[in-house]
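The entries below follow the order in which I checked them.

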Amino acid sequence: MKHYNVGYLLKKINDNFVYNLNIRLSKFDLTLSQGRVLKSILVANEKNQDIMQKDIEIELKLSNPTVTGIIKRLEAKDYVYKEASITDRRSRLLYVTDKARDVDKAILDSINENERNMLDCLSEQEQENLKKYLMKIYLKQENEND
């Protein structure tokens with residue numbers, strides 16, 4: 001078996017995961033990037049928390065132009081809408097539509113199915129170990145980036 005470094009393998013696995021998930025999400029006329037933004041808005045709305053574009057940029061570590069484009073596409077697809085804030089008319093709050101709420105569970109099911117397909121070559125114990133190791137690496141990197 002050829003030896004690959006861990007970073008290369010993680011990147012290739014992620015690329016395949018994203019590719020397959022984008023195929024699954026296409027039935028909702030969404031991409032993974034759009035789904036991530038949509039989920040952020042859904043969660044905030046469910047908690048009755050205000051959410052603006054800047055909040056999404058920070059949470060998902062995306063640039064302003066990227067989030068602007070994603071939100072415009074989600075608006076065009078009738079998944080989200082904007083309203084002026086009551087406290088600051090210059091601020092635009094983001095809300096999901098009924099269409100977004102209706103597909104939320106189906107999108108989550110697609111994500112979970114994609115993950116199951118990716119990991120079905122591992123035993124349950126191997127999957128748990130993998131998650132534990134990946135979380136350990138993730139937390140280390142997050143602490144280094146703070």
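**Rings**

I began with the charged end of Lys99, which sits over the ring of Tyr79, 4.6 Å from its centre. The criterion is NZ of Lys or CZ of Arg within 6 Å of the ring centre and within 35 degrees of the ring normal.

I note the basis here: the model is predicted, local features need pLDDT of at least 70, side-chain atom pairs count only at pLDDT 80 or more, and totals for chains, interfaces and linings use all residues. Residues are numbered from 1 along each chain as its sequence is written, and side-chain values use heavy atoms, with hydrogens and water left out.

Next I looked for aromatic pairs, taking rings of Phe, Tyr and Trp (its six-membered ring) with centres within 6.5 Å; planes under 30 degrees apart are stacked, over 60 edge-to-face, the rest tilted. The count by this rule is two. Tyr4 is partly exposed at 35%, and Tyr8 is partly exposed at 39%.

Tyr81 and Tyr95 also form a stacked pair, 5.5 Å centre to centre and 25 degrees between the planes. This pair links distant parts of the chain, 14 residues apart: Tyr81 is in strand E1 (residues 80–84) and Tyr95 in strand E2 (residues 92–96). Tyr81 is partly exposed at 34%, as is Tyr95 at 24%.

**Overall layout**

I counted secondary structure from DSSP runs, numbered from the N terminus: helices (H or I, at least four residues) and strands (E, at least two). The protein has six helices and two strands, in the order α-α-α-α-β-β-α-α. Its C-alpha atoms fill a box of roughly 60 × 35 × 25 Å along the principal axes. Of the 146 residues, 29% count as buried.

I then took contacts (heavy atoms within 4.5 Å). Among those with a separation of 6 or more, 51% join residues 24 or more positions apart.

**Helix H4**

Val67, Gly69, Ile70, Ile71 and Leu74 of H4 are buried. The buried residues of H4 pack against helix H2 (32–46), helix H3 (53–60), E1 and E2.

**Positive phi**

I recorded the background first: most residues other than glycine have a negative phi. Asp78 follows H4 with a positive phi near 65 degrees. Asp78 lies in the loop between H4 and E1 and is partly exposed at 45%. Asn48, not a glycine, has a positive phi of about 55 degrees. Asn48 sits in the loop between H2 and H3 and is exposed at 73%.

**Asn5**

Last, I looked at Asn5, in the segment before helix H1 (6–25). Asn5 is exposed at 52%. Its side chain reaches the backbone nitrogen of Gly7 at 3.3 Å.

Key: Buried means under 20% relative accessible area, exposed over 50%, partly exposed in between (1.4 Å probe, protein chains only). A polar contact is a pair of N or O atoms within 3.5 Å; within protein, one must be able to donate a hydrogen and the other to accept it, and residues adjacent in sequence count only if both atoms are side-chain atoms.
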